[in-house]
Amino acid sequence: MTQASFDGLLRELAPQVLAVTIRRFGDFSAAEDAVQEALLAAALHWPAEGVPASPRAWLIQAAGHRMTDQIRSDQARRRREEAAAREPPAAEVTGRDDTLKLLFMCCHPALTTPSAIALTLRAVGGLTTTEIASAFLVPEATMAQRISRAKQRIKASGVPFRMPAAADRAARLRAVLHVLYLVFNEGYTSSAGQHLHRTELSGEAIRLARMVHQMLPADGEVAGLLALMLLTDARRPARVGPGGELIPLAEQDRTYWDQRLIAEGTAVLTHGLAAGVVGEYQVQAMIAALHDEAGRVEDTDWPQILALYGLLERMTGNPMVTLNRAIAAAMVTGPAAGLQLLADLDGPLAGHYRLAAVRAHLYEMAGDTEAAVANYRAAAARTTSTPEQQYLATRAARLQH
């Protein structure tokens, strides 16, 4: 087994093992510590001794031993030890569905929505605190405190680890969908590191979105999110060149797009729209579908995309939506219109590399080479993704020759 596949296996198993450990022992924070120790033990022993026949059961047992050791050292927790002893052996614990339970548990009513999302990204998505802070545009220390407080609130609430009742499930659904959206985005375009994609994250987000859709087939926004993921992921094979370099949408070989995913995503979206109420994920999925329907970049229906971004902006007030609307406006009426929209983002997106990257692209369209080079360089300096950094630096270098 290669190091990459070994790391991928541990990342895939971590939320499953955490879910089982929380269910058995009822202590989120302690369970997370125990699972981290079990993963560390696996990283130390498996390369030399070989991966066990059932790695998931091995990790559950290792985490359980560590939890039991903690319980025995604390007399006040003896009742938990007795309850845990009545649970079936680790090898008999079934089901990856525990990950979905963990997802809904993290989106806990005792938490604010931002805290619930941050905790879920950490426990279910496996994102680092740095990656989560980047997604929320806040300092890493702030995010670390938010996650710590979220764990403490769940522990203090005493709510058992189980799938919430239908009424409670509906109350948590918005946070659940937002979490899956962010996990997918981090997998589709990694915020840091050597690789553009982290398919273990985008794949897990799609898997969980399918499970939520199966549970709530009549919910239009659940369908919209799943459709958005499928329609977007369909383009992934064309996004990276032979050397791992980023290939932008306008330059992709569209014959590499996954037509099976496009067909499935379109069908899911169409069925979801029949619910009658259109939400933000459905609108984003409609935009993705318009891109996927264009056989050539010049066939893209930019006026319709611009109209949909306008609708999405009114629904969300999200500055990233405005950023994308600026691109669409430039494609419809020219770069000056897009640049004018970007002027309003210098406050909410100050210092964000994507603002500089889009501004550079629009200046390039307008023929202002000097401004384009300056902004491409600024964007390259701000991103922590190596493929994006190389792409932006290359664009700047080409304009100088």
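Begin by selecting Leu59, Leu102, Leu121 and Leu180, which have the most contacts inside the largest nonpolar core, a set of 87 residues. A nonpolar core here is a set of buried Ala, Val, Leu, Ile, Met, Phe, Trp, Tyr and Cys residues joined through side-chain atoms within 4.5 Å, where buried means under 20% relative accessible area with a 1.4 Å probe and protein chains only. Apart from this core lies another, of 13 residues, including Ala326, Ala330, Leu341 and Leu355.

This is a predicted model, in which local features need pLDDT of at least 70 and side-chain atom pairs count only at pLDDT 80 or more, while totals for chains, interfaces and linings use all residues. Residues are numbered from 1 along each chain as its sequence is written, and side-chain values use heavy atoms, with hydrogens and water left out.

Return to Leu59 and, setting aside neighbours within four places in sequence, show its contacts (heavy atoms within 4.5 Å): they are Leu10, Leu13, Val17, Ala38, Leu39, Ala42 and Trp46.

Next, select helix 5, residues 98-106, where eight of the nine residues are buried, among them Asp98, Thr99, Leu102 and Phe104. Helices are DSSP runs of H or I with at least four residues, numbered from the N terminus.

Finally, display helix 17 (residues 353-366) with helix 19 (residues 386-399), whose axes, lines fitted to C-alpha atoms over the stretch in contact, lie 12 Å apart at an angle of about 30 degrees. The two helices are therefore roughly parallel, a term for angles under 35 degrees. Where they meet, Tyr353, Ala357 and Glu364 of helix 17 face Glu388, Leu392, Arg395 and Leu399 of helix 19.

Definitions and conventions: Buried < 20%, exposed > 50% of the residue type's maximum accessible area, 1.4 Å probe, protein only. Axes fitted to C-alpha atoms, helices over the stretch in contact; angles between N-to-C directions. Parallel < 35°, antiparallel > 145°, perpendicular 65-115°, else oblique.
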